[in-house]
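Let us walk through a protein model from the inside out.

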Amino acid sequence: MDKETEERLKLHSAGATILNSTRFDTLVSHVNSTQLEAAFIKKWAVPFYMTIDRYYDLSWVEEIKKIKKEITPEITLQLLGDFNWRTRLVGAYFSAVKGFDEQIDIIGTHFLKSEVCCVGHIYALVLAFFNNEKSIRYLEDYLNYYLEKPELPFDQYDALEALFYLDKVNGTTNFKKHLLAWEKFQNKGIELSMRQAKFSLQYIEGESNKEKFLKEFSEMKVDLNIDSTLFEEKIRILKELNEFEP
């Protein structure tokens with residue numbers, strides 16, 4: 001395996017599945033100067049990155065309570081500074097658990113740059129949890145840019161859900177400002193999906209199978225509704241963890 005391919009595979013494993021350029025590229029990300037040790041990752045990331053945000057089984061909540069006292073700003077900074085979705089997810093969540101609002105800029109910058117996949121929904125949740133002018137600004141900036149990028153379907157819904165929730169608790173109307181862009185984003189997404197579906201027809205055997213395949217895509221519709229019930233439960237659990245005294 002050549003060096004370039006090996007490096008690309010490492011990036012893919014870390015979560016950099018789409019290499020894209022955005023207007024946020026010039027923002028400076030928080031990055032560790034050295035690689036995390038395996039023992040550190042084993043203790044702080046491995047037990048949590050696949051369980052945090054799993055709401056059909058809340059056993060992970062009790063596990064976080066057990067180690068909450070040990071979580072320091074240095075630990076969350078190391079997790080957030082690692083170029084990997086797994087460590088960044090845990091770092092962002094732990095930052096909210098401990099109320100480290102001085103790390104909002106780090107989390108917000110990671111969210112805007114979208115360097116790795118599988119963690120944006122947690123960034124949006126954490127920014128909503130902090131619920132201050134700065135965290136809301138990051139959500140707004142994300143939506144102002146990424147709702148204009150249907151070719152980059154990242155975490156637009158999660159950011160909208162966070163803003164919708166914040167409007168409910170703050171008595172604001174920020175969500176409404178993005179409704180038209182959200183509708184256009186979905187319409188363009190449906191158009192792109194149909195285009196991809198038609199291209200894929202060449203790989204499907206049988207006319208009836210092709211018709212069935214196309215029918216599924218043709219029935220896609222724009223849905224502007226946001227149900228924040230689960231999001232509110234996620235915030236409740238975060239608040240419970242944040243207020244828990246070990």
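The largest nonpolar core holds 66 residues. A nonpolar core is a set of buried Ala, Val, Leu, Ile, Met, Phe, Trp, Tyr and Cys residues joined through side-chain atoms within 4.5 Å. Buried means under 20% relative accessible area, exposed means over 50%, and partly exposed lies in between (1.4 Å probe, protein chains only). Ile52, Trp60, Ile64, Tyr93, Phe94 and Leu139 have the most contacts inside this core. Helix α7 gives the most to this core, with 9 residues. Helices here are DSSP runs (H or I, at least four residues), as strands are (E, at least two), numbered from the N terminus.

A word on the source. This is a predicted model, where local features need pLDDT of at least 70, side-chain atom pairs count only at pLDDT 80 or more, and totals for chains, interfaces and linings use all residues. Residues are numbered from 1 along each chain as its sequence is written, and side-chain values use heavy atoms, with hydrogens and water left out.

Now take Leu139. Contact means heavy atoms within 4.5 Å. Not counting residues up to four places away in sequence, Leu139 touches Phe111, Ala124, Leu127, Ala128, Ala159, Ala162, Leu163 and Leu166.

Phe111 leads us to helix α6. Phe111 is one of the buried residues there. What covers them? The cover includes α4 (73-80), α5 (85-98), α7 (120-130), α8 (133-146) and α9 (156-170). After α6 comes Ser114, whose phi is positive, near 45°.

Next, look for empty space. Rolling a probe the size of a water molecule over the atoms shows where empty space is left. On a 1 Å grid over the protein atoms alone, a cavity is a set of points where a 1.4 Å probe fits but cannot get out. A pocket is an open set with protein on both sides within 12 Å along at least five of seven lines. Lining residues have an atom within 4 Å of a point. Grid points are joined across faces, edges and corners, and a volume is the space filled by probe spheres set on the points.

The structure has 1 cavity of 30 Å³ or more. The volume of the largest cavity is about 40 Å³. Its lining is Asp53, His121, Leu125, Asp158, Glu161, Phe231 and Lys234. Helices α7, α9 and α12 (229-243) each give two or more residues to that lining.

The largest pocket holds about 230 Å³ of space. Among the residues that line this pocket are Val31, Leu36, Ile41, Asp82 and Phe83.

Glu140 lies in helix α8. Is Glu140 buried or exposed? Glu140 is buried, with a relative accessible area of 4%. Its side chain makes a polar contact of 2.5 Å with that of His178. A polar contact is a pair of N or O atoms within 3.5 Å; within protein, one must be able to donate a hydrogen and the other to accept it, and residues adjacent in sequence count only if both atoms are side-chain atoms.

Glu232 sits in helix α12. Glu232 counts as partly exposed, at 30% relative accessibility. Its side chain joins that of Lys168 in a polar contact of 2.7 Å. A polar contact of 2.7 Å also links the side chains of Glu232 and Ser228.
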